[in-house]
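Please keep the sequence and the coordinates in view while reading.

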Amino acid sequence: MLNKTSLAIKYLLFVFNLIIFFSGILLFSVGLSICNVYNHYEQFLTEHYFTAPSILIVVGIVVLTVSFFGCCGTLKENNCMMLTFGFLLAICFLMEIVGGLTGFILLEKTHFVVTSKLHETMMFYNKTTHITHIWDRLQTTLHCCGAEKLEDWYPILDNKLPMSCCGSYDGAIDHQNCTASEPTIFLQPCYESLSKIVNDNASVLSGVTIGIAFLQILGIVLSCSLSKSIRNRYNLI
């Protein structure tokens, strides 16, 4: 029979496992949501931006499994299961730290990556249907024009602007004209709008991941404490 302190740890760990279970759902949901956002702008990002949210999705699934394992070990007062639970939780902790730090590192590179990709892809505007559609959607949705300034389009489109640079029109250049003097012209450069979206999501990813990671330290401590209590009980028998 466990003493009162060990019983308190046992039930506290059981409640904590429920928290871990819901944190796993949160990790999975955040990772999936950010992947979905980044997928809309994948032509303007590198594959590294999909690494951190992918880690979150995997860790979320693992955490859900580990929390169930922890609940079983807690209720059965199984020393081996508690040690395994603590070990798996430690692995999840390390993976979450890696994912969180990756998000912070990418924050520093976003401006360069986004600007480079925007300049690279806009060269194919009106040459590739896919790129033309993506740029029109980007400018219409984010209310922006050009990579760093609207004049970026001039050498590419013979001193003209795409119709998607003007708020009242959609699509590429046709019989209508979009000029810098239009009252509905989008003046904000696309790198600013897109960088903000990418960085906002990277910040959420890093904050959620590292926050939950440090919460799991408590789970590791509690599982080790309960394991020690169970082991001491058997040593006394």
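Phenylalanine 21 has a relative accessible area of 34% and is therefore partly exposed; the classes are buried under 20% relative accessible area, exposed over 50% and partly exposed in between, with a 1.4 Å probe and protein chains only. The model is a predicted one, in which local features need pLDDT of at least 70 and side-chain atom pairs count only at pLDDT 80 or more, whereas totals for chains, interfaces and linings use all residues. Residues are numbered from 1 along each chain as its sequence is written, and side-chain values use heavy atoms, with hydrogens and water left out.

Phenylalanine 21 lies in helix H1, which covers residues 4-39 (helices are DSSP runs of H or I with at least four residues, numbered from the N terminus). Together with Leu18, Phe22 and Ile25, Phe21 forms a nonpolar surface patch with about 360 Å² of accessible area in total. Such a patch is made of residues with over 30% relative accessible area and no salt bridge, nonpolar side chains being joined within 5 Å; a salt bridge is a side-chain nitrogen of Lys or Arg within 4 Å of a carboxyl oxygen of Asp or Glu. The areas come from the Shrake-Rupley method with a 1.4 Å probe.

How many disulfides does a search of the whole structure find? There are three, a disulfide being a pair of cysteine sulfur atoms within 2.5 Å. In sequence order of the bonded cysteines, the pairing reads 1-6, 2-3, 4-5.

Cysteine 144 is bonded to cysteine 190, with an S to S distance of 2.1 Å. This pair links distant parts of the chain, 46 residues apart: cysteine 144 is in the loop between helix H4 (129-142) and helix H5 (190-236), and cysteine 190 is in helix H5. The torsion about their S-S bond is about 90 degrees, so the disulfide is right-handed. Both cysteine 144 and cysteine 190 are buried.

Cysteine 145 is joined to cysteine 165, S to S 2.0 Å. Both of these cysteines belong to the loop between H4 and H5, 20 residues apart. Cysteine 145 is buried because its relative accessible area is 0%, and cysteine 165 is buried with a value of 0%.

The sulfur atoms of cysteine 166 and cysteine 178 are 1.9 Å apart in a disulfide. The two residues, 12 residues apart, are in the loop between H4 and H5, and both are buried.

Conventions
Patches are made of residues with over 30% relative accessible area and no salt bridge: like charges are joined within 9 Å, nonpolar side chains (Val, Leu, Ile, Met, Phe, Trp, Tyr) within 5 Å.
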